[in-house]
Amino acid sequence: MSTFAPAHPELPGWRHVYSGKVRDLYEPEDGRDDVVLVVASDRISAYDHVLATEIPDKGRVLTQLSLWWFERLAGIPNHVIASDAAGGVPAAVEGRAMICRKLAMYPIECIARGYLTGSGLLEYRASGTVCSLPLPDGLVDGSRLEPALFTPSAKAEVGEHDENITYDAVVMTVGDDAAAELRTLTLEIYTRAETIARERGIILADTKVEFGLDPATGAVTLGDEVLTPDSSRFWDAALYTPGQAQPSFDKQFVRDWLTSDDAAWDRSGEPPALPADVVERTRARYVEAYERLTGRTFA
């Protein structure tokens, strides 16, 4: 578990209340208790550590891409109230911050898998299942799963691993009705986004979303980020080759370097500082994901 304590900006009118691996949360100093300011930093984490080296513009990419996806998920309530200075976002963090409704978050990581890889592949190789869901024999790294699977996990503390759980465990945690709605919304988000990404030459292999109850409306509401390289696995469709690990639009360069001989790190203690070329290649990968998905030039 990382002991690195990230810095956070001081923002007039807002009181810092929490820092996660990537985001800093603030509450209004005027006493309002129904909103929160979510600021995406340029921090990056790997192997349960927050690295001291930041990736320039990463916070802006995550925020702007989330906002773009929220627009395309019309009909699914989300927590965003404002995302610019005109709406009350402090100028110092405009572009990488959102004022959001404060939700009563479900303690569930809602994951949709459309392709077999990562921790799902490890479980499949051991037992032929993913989150205890039986799968056909003969699947390989990168095999498409049709239909996509809802494979939830229990949220862990910062620095700890999320734990894959069964759907029955979700029911026991949140109840029948909420569990069914979380599964339905998660798979709807994945299905809609997978189609949009595929039209742009990108495969959405899997994604993690989070939901909470809006106290004002009682509606299950999409929170946190959505469909970014930090919460999703995006692959280049032109390079997709089942049976091997796929290059992804995320922190792959960081993970690869940290496990290389050059890093000389055994995953104990604080990770070493990232070299400049790894920082730049990682930044470029995040920006490329944003530009290919949205069709916009990242400024």
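# Reading contacts, burial and helix packing

User: Which residues does L204 touch, not counting residues up to four places away in sequence?

Analyst: A contact means heavy atoms within 4.5 Å. Beyond sequence neighbours up to four places away, L204 touches Y115, Y190, A193, E194, A197, L227, S232, R233 and F234. This is a predicted model, in which local features need pLDDT of at least 70 and side-chain atom pairs count only at pLDDT 80 or more, while totals for chains, interfaces and linings use all residues. Residues are numbered from 1 along each chain as its sequence is written, and side-chain values use heavy atoms, with hydrogens and water left out.

User: Where is L204 found, and is L204 buried or exposed?

Analyst: Secondary structure is read from DSSP runs numbered from the N terminus: helices are H or I of at least four residues, strands E of at least two. L204 sits in strand β15, residues 202–213. For burial, the cut-offs on relative accessible area are under 20% for buried, over 50% for exposed and in between for partly exposed, with a 1.4 Å probe and protein chains only. With a relative accessible area of 0%, L204 is buried. Its C-alpha atom is separated by 24 Å from that of V279, 75 residues apart along the chain.

User: L227 was among the contacts of L204. What is phi of L227?

Analyst: The phi of L227 is near 55°, a positive value in a residue other than glycine. L227 lies in the loop between β16 (220–223) and β17 (232–236) and, at 0% relative accessibility, counts as buried. R267 also has a positive phi, of about 70°, and is not a glycine. The loop between α5 (252–258) and α6 holds R267, which is partly exposed at a relative accessible area of 48%.

User: Which residues does a cis peptide bond join?

Analyst: The bond joins E146 and P147, and its omega is about 0°. P147 is part of strand β12, residues 144–150.

User: At what angle do the axes of α3 and α4 cross?

Analyst: Axes are lines fitted to C-alpha atoms, for helices over the stretch in contact, and angles run from 0 to 180 degrees between N-to-C directions. The axes of α3 (residues 167–174) and α4 (residues 176–199) cross at roughly 130° and come within 7 Å. As for naming, angles under 35 degrees are roughly parallel, over 145 roughly antiparallel, 65 to 115 roughly perpendicular and the rest oblique. α3 and α4 are therefore oblique to each other. On the α3 side the contact is made by Y167, V170, V171 and V174, and on the α4 side by D176, A178, A179, A180, L182 and R183. Residue classes are nonpolar (Ala, Val, Leu, Ile, Met, Phe, Trp, Tyr, Cys and Pro), charged (Asp, Glu, Lys and Arg) and polar (the others, Gly among them). The α3 contact with α4 has 8 nonpolar, no polar and 2 charged residues.

User: Which residues in α3 are buried?

Analyst: The buried residues in α3 are V170, V171 and V174. Seen down the axis of α3, they fall within an arc of 100°, so they line one face of the helix; the arc is that of the directions from the helix axis to the C-beta atoms. These buried residues pack against β9 (108–115) and α4. The face turned away from the buried side carries the exposed residues D168 and M172. Just after α3, G175 takes a positive phi of about 100°.

User: How far apart are the axes of α1 and α6?

Analyst: The axes of α1 (residues 58–72) and α6 (residues 276–294) are 10 Å apart, and the helices pack at an angle of about 20°. α1 and α6 are therefore roughly parallel to each other. In α1, K58, V61, L62, Q64, L65, W68 and W69 meet Y286, V287, Y290, L293 and T294 of α6. By class, this contact of α1 with α6 divides into 9 nonpolar, 2 polar and 1 charged.

User: At what angle do α1 and α4 pack?

Analyst: α1 and α4 pack at about 110°, with axes 11 Å apart. That makes α1 roughly perpendicular to α4. W68, W69 and R72 of α1 make the contact with R192, A193 and I196 of α4. The α1 contact with α4 has 4 nonpolar, no polar and 2 charged residues.

User: Where does D57 lie?

Analyst: D57 lies in the loop between β5 (49–50) and α1. At 25% relative accessibility, D57 counts as partly exposed. Leaving out residues up to four places away in sequence, D57 touches D42, R283 and F298. Between D57 and G175 there are 118 residues of sequence separation and 40 Å in space, C-alpha to C-alpha.
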